[in-house]
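Visitor: Please show me the structure, and then take me through it by question and answer.

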Amino acid sequence: MGMLIDGEWTNEDRTIRDGAYVRSASPYDELIPLNVIDAIATQPGRFHLIASLSCPWSHRAMLTRALKGLNDVVPIHIAGGPRTEGYRIGTVARPWSVPGRHASIEHLHQLYALADSNYTGRATVPMLWDAKTGAVISNESVHILRGLDAVRGKETDPDWTLRPADLASEIDKLAPEIQTGLSNAVYRAGKAQRQEIYDDAVNEVFETLDRLEDRLSSTRYLHGSVLTETDLRLWPTLARFDAVYHGHFKCSRRRLTEYPNLWGYARDIRGWRGVATTLDEPAIRAAYYGEDRDINPRGVVATAPKVDWKAEHRRVAFGPAMIALRDGTHVEVNPAVLSIPQAKVP
């Protein structure tokens with residue numbers, strides 16, 4: 001997988017320990033400060049989101065950017081292609097011009113080294129980059145999600161939040177369970193190098209899916225009728241499950257489509273404004289199968305399973321889709337355009 005050590009690229013891999021996959025902590029994992037949140041809104045184009053179409057952690061940030069109407073405020077740059085030195089953000093023929101720096105680069109790790117010549121760690125996405133100061137603001141997906149959520153979006157949009165105060169404690173309880181038992185567990189299963197490690201991880205994956213299936217049997221979203229950050233933290237994993245985790249990561253006990261509530265829920269969220277445009281299944285499959293050579297040495301991309309993301313989800317039976325305004329009010333919205341019906345305006 002490779003990493004930087006004292007600012008220099010090396011093929012050393014510290015993610016596998018005693019046959020088990022261990023996810024490293026994000027080095028830039030401080031909360032995004034209020035002055036940065038204010039500047040995102042008042043200085044459009046200063047802060048740049050660097051993401052990968054295949055990466056579920058990137059996907060959280062991309063979803064927030066789209067849902068909160070920040071596409072014109074926060075430019076996005078997609079890292080992808082052959083990972084000869086980790087994520088590629090440019091090419092030899094067409095290097096990427098670093099915003100705010102007189103530098104052109106080919107690989108994402110070079111951006112980390114530009115920000116810190118002694119950086120040691122993996123060159124991961126997502127990253128929030130400050131073009132004015134030439135600094136990495138964050139490479140922790142949850143902090144980026146929350147930072148973007150705190151920014152006021154389009155003036156024509158409701159002023160809403162994915163982290164309402166009345167649900168914060170529930171969010172903080174459930175989200176880590178999903179992270180450990182599903183979003184990271186699929187990686188622990190897929191990258192396991194010992195049978196017992198794989199068995200433990202895959203059991204955890206499906207135990208978590210079973211609990212979520214039961215939870216969604218009586219509520220439209222994970223915390224009732226209101227869409228929250230927990231939904232955005234779960235959805236990228238569900239969106240990849242049948243495409244790559246079921247086959248490539250050997251989480252093969254069941255497909256997502258065999259869970260009626262989870263599958264309907266996943267299709268429901270896809271219908272929210274901007275969500276569908278963030279999902280590129282061919283890019284996901286090409287990256288996992290084609291670039292994950294420690295699991296798939298030949299890089300052969302498996303045939304995609306047949307799924308119908310546009311099928312009727314029938315989640316309206318659990319009530320209307322709602323958002324939480326910053327004043328604490330929960331209001332019904334048309335999720336496709338994120339507008340409040342005129343009769344519902346508080």
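**Charges, rings and strands**

Visitor: Which side chain of opposite charge is nearest to Arg285, which is buried yet has no salt bridge?
Guide: Lys and Arg count as positive and Asp and Glu as negative, with His and the chain ends not counted. A salt bridge needs a side-chain nitrogen of Lys or Arg within 4 Å of a carboxyl oxygen of Asp or Glu, and buried means under 20% relative accessible area, exposed over 50%, partly exposed in between (1.4 Å probe, protein chains only). For Arg285 the nearest side chain of opposite charge is 4.6 Å away, and that is Glu281.

Visitor: What kind of model is this, and how are residues numbered?
Guide: This is a predicted model, in which local features need pLDDT of at least 70 and side-chain atom pairs count only at pLDDT 80 or more, while totals for chains, interfaces and linings use all residues. Side-chain values use heavy atoms, without hydrogens and water, and residues are numbered along each chain as its sequence is written, from 1.

Visitor: In which helix does Arg285 lie?
Guide: Helices (H or I, at least four residues) and strands (E, at least two) are DSSP runs, numbered from the N terminus. Contact means heavy atoms within 4.5 Å; leaving aside neighbours within four places in sequence, Arg285 has contacts that include Ala243, Val301 and Pro305. Residues 281-291 form the helix that holds Arg285, H10.

Visitor: Is His59 buried or exposed, and what is its relative accessible area?
Guide: His59 is in helix H2, residues 56-67. Not counting residues up to four places away in sequence, His59 touches Trp235, Pro236, Arg240, Thr278 and Leu279. His59 is buried, and its relative accessible area is 1%.

Visitor: How far apart in sequence are the parts that Asp130 and Arg46 tie together?
Guide: Asp130 and Arg46 form a salt bridge, with their closest N and O atoms 2.8 Å apart, and both residues are buried. Asp130 belongs to strand E9 and Arg46 to the loop between helix H1 and strand E5, so the parts tied together are separated in sequence by 84 residues.

Visitor: Which residue in E10 stands opposite Asp130?
Guide: Two strands pair if DSSP finds at least two bridges between them. E9 (residues 127-130) and E10 (residues 135-138) run antiparallel and are joined by three bridges. They form a hairpin with four residues between them, and Gly134 in the turn has a positive phi of about 65°. Opposite Asp130 stands Ala135.

Visitor: Which strands stand at the edges of the open sheet of three strands?
Guide: The order in this sheet is E11-E12-E13, with antiparallel pairing. Each edge strand has a single partner strand, so one side of each is left without a neighbour in the sheet; these strands are E11 and E13.

Visitor: What distance separates N and O in the salt bridge of Glu229 and Arg233?
Guide: Glu229 and Arg233 both lie in helix H8, four residues apart, about one turn of the helix. Glu229 counts as buried at 1% relative accessibility, and Arg233 counts as buried at 12%. Their side chains meet with an N to O distance of 3.0 Å.

Visitor: Over the ring of which residue does the charged end of Arg254 sit?
Guide: A charge sits over a ring if NZ of Lys or CZ of Arg is within 6 Å of the ring centre and within 35 degrees of the ring normal. Lys68 lies over the face of Trp160, 5.1 Å from the ring centre. The charged end of Arg254 is 5.1 Å from the centre of the ring of Tyr259.
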